[in-house]
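Hi,

Here is the structure I promised to pass on to you. Have a look at it first, and then read on for what turned up in its pockets and helix packing.

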Amino acid sequence: MAKNHLGPIVSSAHLAEGPFPEVSEFEFAMILASHAFQRWMVRAMAAAGMADMSPLEVLVLHTVRHRERPKKLADICHVLNIEDTHTVNYAVKKLIRAGLAKDGRIGKEKTVEATPKGVDLCEQYRDIRERLLLNAVGELGIEPAQMSKLSALMRLMSGQYDQSARAATTY
């Protein structure tokens, strides 16, 4: 008896009808992964002791803490590939009000950096991430090289989406 092939798993079959339906499958996987990752960040941060942070605030805090150096708003936006600087600026202001970050200056440029409280929260998050996520991923048998290859592919596809977005703007 032949197996019934349903085709790629997608959220919008009409988008998968044309050439390269695997891109629709990739997009659906990104949708699921994106939402799961956002839920994870918020709940892991709550477990670390800071409830009610948005996914963007969590990302900004980790970016601000990165390499223990002050960051400019434009650099945070660039690293996170965010066009709407006002959303990042709002997240920074919330982190400052919570005592997790502080603002400063390098020359005329405003900067932001993690406070000791912010660094400690990032460490708590990292510990929870290791215990709950990394141990579970390790048990799946995923090879580190596979994960690196997947990450490279996703960054490459990100560039394709960015280029296509620029093209769509002039269409």
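Let me start with the largest pocket: 36 residues line it, and Ala33, Ser34, Phe37, Leu59 and Met154 are the ones nearest its centre. Two or more lining residues come from each of helix 1 (21-48), helix 2 (55-65), helix 3 (73-80), helix 5 (116-139) and helix 6 (144-169). Helix 1 contributes the most to this lining, with eleven residues. The volume of the largest pocket is about 1,800 Å³. By class, its lining holds 24 nonpolar, eight polar and four charged residues.

Before going further, please keep in mind that this is a predicted model, in which local features need pLDDT of at least 70 and side-chain atom pairs count only at pLDDT 80 or more, while totals for chains, interfaces and linings use all residues. Residues are numbered from 1 along each chain as its sequence is written, and side-chain values use heavy atoms, with hydrogens and water left out.

A few terms, so that we mean the same thing. A pocket is an open set of points on a 1 Å grid over the protein atoms alone, where a 1.4 Å probe fits, with protein on both sides within 12 Å along at least five of seven lines; lining residues have an atom within 4 Å of a point. Grid points are joined across faces, edges and corners, and a volume is the space filled by probe spheres set on the points. Helices (H or I, at least four residues) and strands (E, at least two) are DSSP runs numbered from the N terminus. Nonpolar covers Ala, Val, Leu, Ile, Met, Phe, Trp, Tyr, Cys and Pro, charged covers Asp, Glu, Lys and Arg, and the others, Gly among them, are polar.

The second largest pocket has a volume of about 170 Å³. Its lining consists of Lys71, Leu73, Asn89, Val92, Lys93, Ile96, Asp103, Lys110, Thr111 and Val112. Four of the lining residues are nonpolar, two polar and four charged.

Now for the helix packing. Helix 2 and helix 3 pack at about 115°, with their axes 10 Å apart (axes are lines fitted to C-alpha atoms, for helices over the stretch in contact, and angles run from 0 to 180 degrees between N-to-C directions). That makes helix 2 roughly perpendicular to helix 3 (the word covers 65 to 115 degrees). In their contact (heavy atoms within 4.5 Å), Leu59, Val60, Thr63 and Val64 of helix 2 meet Ile76, Val79 and Leu80 of helix 3. Six of these residues are nonpolar, one is polar and none is charged.

Helix 3 also packs on helix 4: their axes come within 10 Å and cross at roughly 115°, and the two helices are therefore roughly perpendicular to each other. Here Leu73, Ile76 and Cys77 in helix 3 meet Thr85, Val88, Asn89 and Val92 in helix 4. This contact has five nonpolar, two polar and no charged residues.

Finally, helix 2 and helix 4 pack at about 75°, with axes 9 Å apart, which makes helix 2 roughly perpendicular to helix 4. Leu56, Glu57, Val60 and Leu61 in helix 2 meet Thr87, Val88, Ala91, Val92, Lys94 and Leu95 in helix 4. Seven residues of this contact are nonpolar, one is polar and two are charged.

Best wishes

Notes:
Parallel < 35°, antiparallel > 145°, perpendicular 65-115°, else oblique.
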